[in-house]
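Please look through the sequence and the model shown here before reading my numbered points.

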Amino acid sequence: MKKISIVSMVGAILLSGCGANNQSSSSANTYEAASGLNATPPATSTLNTLISETSDQKIAIYGVRDKTQKDIFSSFDVELNGELKTFNWSNVTNPSFYPQISVVDLDADGEDEIVIILTKGTGTGVHDSEVHVLQSDFTEILVSDPRKFVLSHIKVDLKTHKEIRQYTVSVDGQEHSFEFSESDSNDWFKQPMVQNILRFEIQDNQLIAELPIQISTSHYLGDAIVRYAFVNGKWEPSKIEMAKGYSS
């Protein structure tokens, strides 16, 4: 029998975002074809693709395709109430993963924030999500990476006996047990990882990050669920819980 105590893990998740209020995604379009948009596009953004907008058309996102990587938008023009600003964000060009826009009062101060959830990469066993929170004047509020928070708040113990692998995950004083047969995989990781999948979403007016805890290419110990709070001028992970069933 051997026992491995894993206190820290290599980070990364998540996650698909779920919009809260006024969220919608548009099919491919252009500045010239988009109705209800009064702003004049900058010279560098002519004919950029309209890929997401709110139902009232007050907020829209136009993607700039990367000249060398055709499957990536390398920057975005964001329109808020008729004004435009360019951000050097990236997102895959697959329409299934276009940016998601949510308009929600995250910090309960009476003023809505604009939450934009991007997908920078996706594939089998991989989902790289990124979130940006803007105020109505385009000011961006920093969102801290959830990985370090997960690393410091989860402990994973592994016991092996004959052909059985027994994992115990301790999260915020609660324990969750998992059991696998050694033959279930031929590539068990030496340490659990939260590196390959990160998803963000808005849930009940809260910013949430989901990081599946991965122990092999195709095996997981459920999801680490991180809830954010507004602390010292930025969005910081504040609470963590465990969802035992892995959500793909």
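1. Sorted by class, the residues lining the largest pocket are nine nonpolar, three polar and six charged, where Ala, Val, Leu, Ile, Met, Phe, Trp, Tyr, Cys and Pro count as nonpolar, Asp, Glu, Lys and Arg as charged, and the others, Gly among them, as polar. A pocket here is an open set of points on a 1 Å grid over the protein atoms alone, where a 1.4 Å probe fits and protein lies on both sides within 12 Å along at least five of seven lines, and lining residues have an atom within 4 Å of a point.

2. This is a predicted model, in which local features need pLDDT of at least 70 and side-chain atom pairs count only at pLDDT 80 or more, while totals for chains, interfaces and linings use all residues. Residues are numbered from 1 along each chain as its sequence is written, and side-chain values use heavy atoms, with hydrogens and water left out.

3. The largest pocket holds about 190 Å³ of space, a volume being the space filled by probe spheres set on the grid points, which are joined across faces, edges and corners. Of its 18 lining residues, S129, E130, V131, V143 and F200 are the closest to the centre. Strand 11 gives the most to this lining, with six residues.

4. The second largest pocket has a volume of about 160 Å³, and of the eleven residues lining it, K58, I59, N81, V103 and I114 are the closest to its centre. Its lining comprises four nonpolar, four polar and three charged residues.

5. Of its 248 residues, 48% are buried, where buried means under 20% relative accessible area, exposed over 50%, and partly exposed in between (1.4 Å probe, protein chains only).

6. Leaving aside neighbours within four places in sequence, Q214 is in contact (heavy atoms within 4.5 Å) with F189, Q191, P192, M193, N196, H219 and Y220. A polar atom of the Q214 side chain also lies 3.1 Å from the backbone oxygen of T217.

7. K159, placed in strand 13 (residues 154-161), counts as partly exposed because its relative accessibility is 41%. The C-alpha atoms of K159 and E179 are separated by 9.6 Å, with the two residues 20 apart along the chain.

Terms used. Helices (H or I, at least four residues) and strands (E, at least two) are DSSP runs, numbered from the N terminus. A polar contact is a pair of N or O atoms within 3.5 Å; within protein, one must be able to donate a hydrogen and the other to accept it, and residues adjacent in sequence count only if both atoms are side-chain atoms.
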